[in-house]
Amino acid sequence: MKRYLAPAALVLILGATFVPRSGAAGVCTQPGQFGPATDIHTGPNPLFTVAADFNHDGLIDLAVTNSAWTTLDAVGHVAILLGTGPLTFAPPVLYPVGSVPHAILAADFNGDGILDLAVANKFGGAISILIGHGSGGFGDGTFAPAVAYPAGGYPFQLVTADFNGDGALDLATAINDTGAVSVLLGHVTGGHGDGTFAPPVKYTLLSISTGIAMGDFNHDGALDLVATENTNHSIAVLLGHVTGGHGDGTFAPAVHYAAGTEPFHIAVKDFNGDGVQDLAVANSSSGGTAILLGNGPPNAGDGTFAAPTFLPSGNSACVATGDVNGDGISDLAVGTATGSDGGGLFVYLGNGTGGVEDH
């Protein structure tokens with residue numbers, strides 16, 4: 001498993017010209033899309049970031065996992081940087097979590113209207129929950145000490161949703177030391193989550209995993225999961241079971257689809273406008289980005305996927321979707337990792353004629 005190191009600063013980019021990649025039709029080459037980068041100190045080896053208004057002052061704040069990859073510290077940290085103005089932030093406030101924190105997400109886990117944090121501690125083997133402080137549904141930008149919940153292995157990336165329809169947010173994580181996805185169901189008090197979680201339930205994959213995403217791939221009302229199987233060159237789709245018209249928090253055994261040399265990260269979107277969710281899979285080991293279209297009749301996918309086609313994005317570590325140029329068609333942004341393709345951001349514009357999107 002490759003280790004992708006990051007510098008000890010967060011880089012905010014409002015700026016650069018997108019670099020065209022030879023042979024990649026639909027890559028944005030227009031200048032002025034972004035401006036110069038602004039470096040912000042966060043701590044050792046930041047990996048993942050979530051942006052939100054944690055103190056309800058109308059300014060975007062940041063929460064960053066400082067992984068300390070180079071020293072593999074037994075205690076990692078989340079850095080909270082409260083926004084003080086456009087592109088300016090207060091010095092980081094550090095909250096201890098587990099060893100080598102990776103993914104981080106913000107959500108209201110205890111139903112008080114204030115954002116909390118969930119952090120996947122890879123070498124700590126646990127997910128840390130930091131409950132947001134505040135009152136009356138307004139956070140003050142501070143957090144309670146982290147509470148750790150075993151993840152059933154080394155967690156890498158996270159997703160959250162109410163998988164079983166009980167009013168509590170649940171968690172699912174890709175496991176990076178054994179081939180598995182772990183699901184941690186949220187406990188309920190007073191009709192909503194109370195910010196605590198049940199022990200993990202593990203679902204077997206064919207190899208270690210890094211990326212995880214979710215969607216209703218077969219249109220049955222239950223959320224499904226998709227995870228990377230890095231060294232098996234595949235992704236795994238786990239369809240959610242339905243009870244009473246909604247998901248019950250359990251999942252079918254994984255079904256596997258070839259997705260490139262080393263699938264690392266996944267984005268879900270309907271790229272061809274047929275009402276069925278599709279997948280974009282960023283491959284490390286210079287494998288580019290795989291596009292797997294969802295099968296099934298329009299607006300009623302059957303939970304299976306077609307063979308992949310590839311975009312030549314090189315050594316790809318992450319992929320995201322959005323409408324970059326405002327034409328109503330989904331585009332892709334792919335970030336590259338180490339080696340000759342390190343440090344690049346490539347944007348593929350959906351062209352409506354057989355590229356990323358064809359409606």
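This report describes a predicted model of one protein chain, from its overall make-up to single residues.

## Basis of the model

Because the model is predicted, local features are given only where pLDDT is at least 70 and side-chain atom pairs only at pLDDT 80 or more, while totals for chains, interfaces and linings use all residues. Residues are numbered from 1 along each chain as its sequence is written, and side-chain values rest on heavy atoms, with hydrogens and water left out.

## The chain as a whole

The chain has 33 strands and zero helices, where helices (H or I, at least four residues) and strands (E, at least two) are DSSP runs numbered from the N terminus. Of its 359 residues, 50% count as buried; buried means under 20% relative accessible area, exposed means over 50%, and partly exposed lies in between, with a 1.4 Å probe and protein chains only.

Among the contacts in the chain with a separation of 6 or more, 48% are made by residues 24 or more positions apart, a contact being heavy atoms within 4.5 Å.

Strands of a sheet pair through backbone hydrogen bonds, either parallel or antiparallel. Here two strands are said to pair if DSSP finds at least two bridges between them.

The antiparallel strands β29 (residues 288–292) and β30 are joined by three bridges, and Ile291 stands opposite Thr309 in β30.

Asp224 belongs to strand β22, which covers residues 224–229. Asp224 is buried yet has no salt bridge, and the nearest side chain of opposite charge, that of Lys269, is 17 Å away. A salt bridge requires a side-chain nitrogen of Lys or Arg within 4 Å of a carboxyl oxygen of Asp or Glu; for charge, Lys and Arg count as positive and Asp and Glu as negative, while His and the chain ends are not counted.

What does the side chain of Asp224 reach at 2.7 Å? The side chain reaches the backbone nitrogen of Gly240 at that distance, and a polar atom of the side chain also lies 2.7 Å from the backbone nitrogen of Phe217. Leaving aside neighbours within four places in sequence, Asp224 is in contact with residues including Ala213, Met214, Leu238 and Phe251.

Strands β12 (residues 132–135) and β13 (residues 138–143) run antiparallel and are joined by three bridges, with Phe143 in β13 as the bridge partner of Gly132. They form a hairpin with two residues between the strands, and Gly136 in the turn has a positive phi of about 60 degrees.

Three bridges also join the antiparallel strands β18 (residues 186–189) and β19 (residues 192–197), where Thr189 stands opposite His192. This hairpin has two residues between its strands, and Gly190 in the turn has a positive phi of about 65 degrees. Gly186, in strand β18, is buried with a relative accessible area of 7%. Its C-alpha atom is separated by 9.9 Å from that of Thr160, 26 residues apart along the chain.

## Positive phi in two loops

Asn45 has a positive phi of about 55 degrees although it is not a glycine; this residue is found in the loop between β2 (37–41) and β3 (46–52). At 8% relative accessibility, Asn45 counts as buried.

His219, likewise not a glycine, has a positive phi of about 55 degrees and is placed in the loop between β21 (212–215) and β22. With a relative accessible area of 35%, His219 is partly exposed.

Key
Polar contact = N/O pair within 3.5 Å; in protein donor to acceptor, adjacent residues only side chain to side chain.
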